[in-house]
Each structure stands twice: as structure tokens, then as C-alpha cells.
Amino acid sequence: MNYLSRIVFKCVCIALLLFSVSCLKEHGIEISNLNQDSVINEWIYNTMYNYYYWNDHLPEHPIYSQSPQSFFKSLLYNEGVDDRFSWISDNAEKNYNVLHGVTKEFGFEYFITYADTAKSNLVGVVLYVKKESPAQKSGIKRGDVFTAINGNILTKNNIQQLLNLDYASFIFISDNQKDTVTLNSEIVYENPILLSKIIDIDNKTIGYLAYTQFTNDKGDGSNEYTNELLSVFEKFKQDRITDLILDLRYNPGGQIDLAVTISSLITPNLDTTKTALSIEYNSKIMKYYDNENTNIRFKYYPNSYIGDNIHNIVFITSGQTASASEALTNILKAYTDVTIVGTTTYGKNVGSTMFTDTYSQSNWAIQPIILRLFNAKHESNYTHGFEPDININELNFKLIQLGDTSEPLLNTALSVITNSQKNSFSKVTKQSLIYNSINEKTNMPLLIKDINVTQP
């Protein structure tokens, strides 16, 4: 978003702030007569009235005496259908950290499935291990299977509790052998660049990047991860890659400015005067804008730009590919061809930001949808996700290490680029997915870094 747009938005926020001061009286509520929940709920309502994308559907007479969770839920527009993403939390600090990939954990993502066709036993399967985490230091790797934690056999009711402990002793099984691995949870700073490599095949030089979250840094303003991302593409440029595979299968989204950044690195015939994406807010905010000021344009990174040199762009996706990942796909579809390999993406074409309760100084935070995203062709038609060009589900196969050219999804992506027959993969018994740890992150906000949203 350009400089003028940011100034205009700040003016909008100031106007809304002045409006909010009188909002309590307008609703006939005296602060002295409110209990703590009612004060929090009034803050929630004011914020939603000002910023919620569907603010014209808010109830006229909200019931302020409810708990904050129930009150917030009562404000949502067609919850679960039109609004599938707004949420509330009583731990603002924890949620801020999660948005920047900072969590206290063991350091791996996983899914839970049945161990047998009778569906009597559950097992956990490691999807990927985070860099410099307790799991990586203990030698845990993708595809490892665990059956018990602290002596407890896994059940649908205990799995999340067991995996959120400070200490856990895991039973891993491999070739009928059991190994015990003990882990202490630690603060893990997830570097979203899980893996990058060059693959030379059939006279093609292919850049591969497994990217797990659109985040700039650890929340410290250093732009550490963005700088590393630019370095990855700078190396791709130096190695003169001819094609690109971007693995977003475990990427639930994050900061939209990074979707613009990546699109600016790979869009052919880059023109920084052109729109990457445009934003639509509620009518209350939009009346302060014209169309030009809601557009975000491409950026130019000369040392890392490869858009004019690559012939094929292939995205690897899954049902956990959401938000900023889908925004990136939508941006590119207005300018070039993208082949999608994997399964249908999550379907999130709206964005949000986190508001904290500075009014009553509580620890509540709300994450309402405040905008909808469109590409340069004014397309935003992926509420049901982007369907793959080649449908292949990794859970139907044995998990092979990411970056290995025999890994089914990567191998399929390579076959697209080389126009060759993909490998024949050995299938496993169809797995019923009970739980996927990445699903918890698919409601992360689609943050607009350039917007400074002032609290109402």
C-alpha cells in the first residue's frame, strides 16, 4: 500500500476513534453500571462496528451481559458459512507470538490417523520437524510414527493435551522396533524457510523451496526471514534456474506483504506500477478511499528477481494451504500460468488483524475479518479453495523426506516441468485423518503490514 494510502487510513482510524468515545452513550450504557464482561463486550462491539467486513449485519441490540466468547460469536455474520475465520482469544500475547512462528512446543507438526483397518488404535505421524527445535536435536524426522506419550495410548480425547505438555516421553515405532524419545518443550522460533535446493534434471535447473509461513521475523522487526527469503531467490538467480517449485503444502498463511514480495520475484514482465492485489474493506472505511488507494503494487528486488527467466511455476498444495498462500496464487493467476499439484487449498480470500483490549486493559484479543482480497483482474473466487491441476494426496503414500526427488508430490511437480512420466508410488492403506496440527493455524490472520490499524 502506498504512502498516501497509509496516511488516509490513519485519518480514517482517528475519525473512528473519536466516534468510539461516544459509542457507549449512544447505546445508553454507563460504564459505572457495567461489569467487567460488559465493558469488554462494549470494546468488542465498537471494534466490530468500525472494522468488521460485515459490519452492516451486526445485531441492533446486542446482549452485553454475555461472556466475551459468546458475545463475540453472536456478532458474526452467518458464522461457519460467510464468516468462517473470525475468532477471539483470552491470551493476546500467546496469539501474537503464534503469528510470528513463536511457540512453546516440541518442534514438529504431525497428523493423527488410525493404525489399523479396525480403527481401534491411533498413531501420530510426523509431517516435518522445525529447525533448531527439541525434536530436531533428538533426531526425529518426517515420517516417524509415535503410538504413546508418557505411557498413554493415543485417543481422540487426549492427543492435544498430551502434545501440549512441558515434558513428554514418546514411543516411536519403526520396523516393529520401539524407541523412547524424551522431549522438553521449548520456545521455538519457526524459520518458515524449511528447505531450499537446486535440482538439476533433463537439462533443467529447478529451484525448490518449502515455505511454511508468511512471516517477516520473530516479531522483533528485524525482517530476518524476509532477508533470508530474498537470499534464497538471489541464489536461484545466480544458479540461473529455469523453473520453480514452491512447496506450500504446510503453509497456512500470514503476512500479505510477503505474498506481494514473492509474487514480485516471480511475475514475468514485472511492472511496479501495476497492481498485485487490491483490498476491499467495509463501506464505512471504503468511503474514505478511491480504488487507487486500495491497491498494493508490485515491488522490485533486482538481485532476487527471476520472473523473466523461469518457464514453469509449480505450487505444491494441500488443505492446509491457506490465506496468504492462496493470495499469492491469485496474484500470479492474473499475470502468468501456475500449475497446482496436490489437493484443494483451504479457501480463504479474506483478511484480518489482531485487536487487543486497550480500553479496559484486559488480555482479550479479537481477530475479526476486516477485508477481502482481489487480484489485478478483480478476481476473488476461491472461497472453496484452488483445485489442483494434478490431484495427489501425500497421505495415500509413505512419507518420504521433503526435497527427495522420489517424494510423490515433488516427483509429480518435476514430471510437469520435464514433461515426463511421474514415478509409480507405493500406496499405503488409505488413512482416515483424525487430526492435523497445522489445521489450528489456518485461521491465522492475513496481515497487511503496511496498514497501521489504530484501536477504536
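The largest nonpolar core here has 68 residues, where a nonpolar core is a set of buried Ala, Val, Leu, Ile, Met, Phe, Trp, Tyr and Cys residues joined through side-chain atoms within 4.5 Å, and buried means under 20% relative accessible area with a 1.4 Å probe, protein chains only. This is a predicted model, in which local features need pLDDT of at least 70 and side-chain atom pairs count only at pLDDT 80 or more, while totals for chains, interfaces and linings use all residues. Residues are numbered from 1 along each chain as its sequence is written, and side-chain values use heavy atoms, with hydrogens and water left out.

Within that core, the residues with the most contacts are Ile44, Tyr211, Phe233 and Ile266, and helix 9, residues 256-266, gives the most to it, with seven residues; helices are DSSP runs of H or I of at least four residues, strands are runs of E of at least two, and both are numbered from the N terminus. A second, separate core of 27 residues includes Phe111, Val125, Leu194 and Ala210.

Turning to the sheet, four strands form an open, antiparallel arrangement in the order 14-13-20-17, two strands being paired if DSSP finds at least two bridges between them. Strand 14 (295-297) and strand 17 (350-352) each have a single partner strand, so one side of each is left without a neighbour in the sheet. Strand 17 is joined to strand 20, residues 369-375, by three bridges, and valine 350 stands opposite arginine 372 in strand 20.

Notes:
Buried means under 20% relative accessible area, exposed over 50%, partly exposed in between (1.4 Å probe, protein chains only).
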